[in-house]
Amino acid sequence: MVMGGADLSRERPRRRYSRRAMSTSVHVADLAAHVGEEVTLHGWLQGRRSSGKLHFLQLRDGTGVVQCVVFKGNVTPEVFAEADHLPQETSLAVRGVVKRDERSRLGHELDVRAVEVVARPTREYPLGHKDHGVAFLMEQRHLWLRSQRQVAILRVRATVVRAIREFFDGRGFTLVDAPILTPAACEGTSTLFEVPYFDLGKAFLTQSGQLYMEAAAMALGKVYCLGPTFRAERSKTRRHLTEFWMVEPEVAFLDLAGDMELMESFVSHVVQAALRAHEAELRDVLERDVEKLRQVRPPFPRITYDEAVEVIRRAGHPMTWGDDIGGDEETIVASAYDRPVMVHRYPAAMKAFYFKRDPADPRLALGCDVLAPEGYGEIIGGGQREDDLATLEAALAEHRLPREAFEWYLDLRRYGTVPHAGFGMGVERCVAWICGLHHVRETIPFPRMTERITP
RNA sequence: UCCCCAGUAGCUCAGCUGGCAGAGCAGGUGACUGUUAAUCACCGGGUCGCAUGUUCGAGUCAUGCCUGGGGAGCCA
C-alpha cells in the first residue's frame, strides 16, 4: 500500500524542496532491498540529535524506525537549517540514498538529499522520550499508540485474532455473530450495562454469546463467535476491562474431554502463531522470554478441582473444598507447571446454571478453566452444557432466573437435544500473557475501564 | 462495594521538625562531522488537585470533597 502522505504530497503545489520524480517511495521495513538507491520515505519525526554539520533524524513510518543523516554538504542551507529545528512528530517526506552502516541498529540508514515537511505540529508533542506515569499515558492513549512498544503489542493482537480465525475456519467451524444487544443476562442482571430500547423497555450489552452459540451449534454443528463483550462490574484489577473481546466456540456432540482437547490445541496454535510472526518484537521490544512461549504445546497438564485444592493446601495456603480458586490460588496452581494447566470438574454450586453435572459425582460440574502460566491466570472458561430439559429447568429455578427469558434456550433441549460443549477465551488476557504485559489495558487500542472512557 | 497509596513546572519527581518554590527531562538560543535517552553553555517556565480550618506564617498539619493509581470480590 502506498501511504496517504505520498498521494497527498503529489497533489500539492510544488514546494521549496520538491522531490525528484524518479525517487521511489518505500517503507522502512523494505529498506534492505534498496541499498545504494535513492528513495523517499514518508513518516513522522520520532527524535532528533545534532552534531554541528550533521543532523540525525529518527523517522518512524509504521513499519519501522530509521535514522536519516542530514549532512550539511548534501542539502541546501535552508534544508539544513530547518532540519535542526523540526519538532517531534513532524510529518515528513525524506528523500535520500540508502546506505549500509554498521553504526545503525537497523544495519542501514538514509543519507538525506531533501526533506519536505508535510505538516508541522501546532503544539509541543506531549510524550517525551523519558518515563511517563500510567495515568498520563492513558490520557494520551491516542498518541501513546505511536510508541514502538504499543505498535508491537497491537501487531501481536492482530496476529492473535487472525490465528483464532485460522484455527476455527480450518477445522470446519462456521463463524456466527452473536448479538450485542440482548434482552436478559446469562447469569443474572447485576453485571450488565443497560440501554433504553424503544417501547420494549431495557436492553443490555452482551455479557457472552454462548447461549446463542448453543442455538447455532444445533444448526451448524461447529460454530464460533468473536466480538466485544461488556461487563458492568466495578473490577479494578490488571486483568479486567469493562469492554473486551471474547472468542466462543460451541460444538454439538462434544463432551468435556473433547472440549479440553479443543482448548489445548487452540491455545497452542494461537501462541505458536504469535511467536512465529513476532519473535523478534516479543524478545527485543517487549522483552518477553520467548522460550516460555515455545513450551506452550500439547499436552497441557490436566488436574481436577480436588487436586488443585490439594496443590494449594500443600503450598501452605488454607483453602476449603467449595471455595473458588482466586487470583493468589491460580498463581500457586499455574506456577507448578511450565505450560497452561487445565483445571476441571469444579463444584457445581460455584458455576453457572447451564453446566452439566458430572454423572460420576453430582456435586461437580463438567467445567474446565485454562490457567496461563507466570501468574496470568484464567484465560479460558468453558465446559459441557446441560442437555437434559428437566435438569436445566431445575437449575434455572435454583439460580432464581426468569424462566420466560430462557424459553427459547429450553427449546434447544426440547427439539433434538444433544451433548455439546464449548468455551470462551478473553482475547486481551491471552495477548497480555503472550506479550508478557503487566496489565490488559495495553492490549486493546482504547481500553474501557471503570474510571476511564476517554479517549 | 471494600481496603491501601498518590496528586508540586508540559513530563518524572524532590521538598526533612510549618519559615524565600527546586532538580532532571522537554521547550528556546548558541557550540560541535557520527549522535544512539548525545554532550556543553545560557534563557523562559508554578492556581503546590479543590475547599475550609489551625497558625504570626501552610506545599508541609487537620477535616471534607474531587481526580487518578494499586489490590480484593466478580470474572475472560
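The model is predicted, so local features need pLDDT of at least 70 and side-chain atom pairs count only at pLDDT 80 or more, whereas totals for chains, interfaces and linings use all residues. Residues are numbered from 1 along each chain as its sequence is written, chains are lettered from A and ligands numbered from 1 in the order in which they are written, and side-chain values use heavy atoms, with hydrogens and water left out.

**Surface near RNA strand B**

- RNA strand B is surrounded by 46 residues, of which the closest are Arg 49, Phe 71, Lys 130, Arg 231 and Arg 429; a residue is near the strand if one of its heavy atoms lies within 4 Å of it.
- Of the atoms of RNA strand B that come within 4 Å of the protein, 48% belong to sugar and phosphate.

**Polar contacts and contributing elements**

- In the side chain of Gln 67, an N or O atom lies 2.5 Å from a base oxygen of RNA strand B, a polar contact being a pair of N or O atoms within 3.5 Å.
- Polar backbone atoms also take part: one of Leu 241 is 2.9 Å from a base nitrogen of RNA strand B, and one of Ile 380 is 3.3 Å from a sugar or linking oxygen.
- Elements that give two or more residues to this surface include β2 (38-51), β4 (65-71), α3 (134-139) and β17 (377-384), and β17 gives the most, with four residues; helices (H or I, at least four residues) and strands (E, at least two) are DSSP runs, numbered from the N terminus.

**A three-stranded sheet**

- Three strands form an open sheet in the order β8-β10-β9, with antiparallel pairing, where two strands pair if DSSP finds at least two bridges between them.
- The edge strands, β8 (181-182) and β9 (194-196), each pair on one side only.
- Strand β10 (residues 202-205) is joined to β8 by two bridges, and the bridge partner of Leu 181 in β10 is Leu 205.

**Cysteines**

- The whole structure holds zero disulfides, a disulfide being a pair of cysteine sulfur atoms within 2.5 Å.
- The sulfur of Cys 430 has its closest cysteine sulfur in Cys 435, 9.2 Å away, which is too far for a bond.
- Cys 430 is buried, with a relative accessible area of 1%, and Cys 435 is likewise buried at 1%; buried means under 20% relative accessible area, exposed over 50%, and partly exposed in between (1.4 Å probe, protein chains only).

Methods
A polar contact is a pair of N or O atoms within 3.5 Å; within protein, one must be able to donate a hydrogen and the other to accept it, and residues adjacent in sequence count only if both atoms are side-chain atoms.
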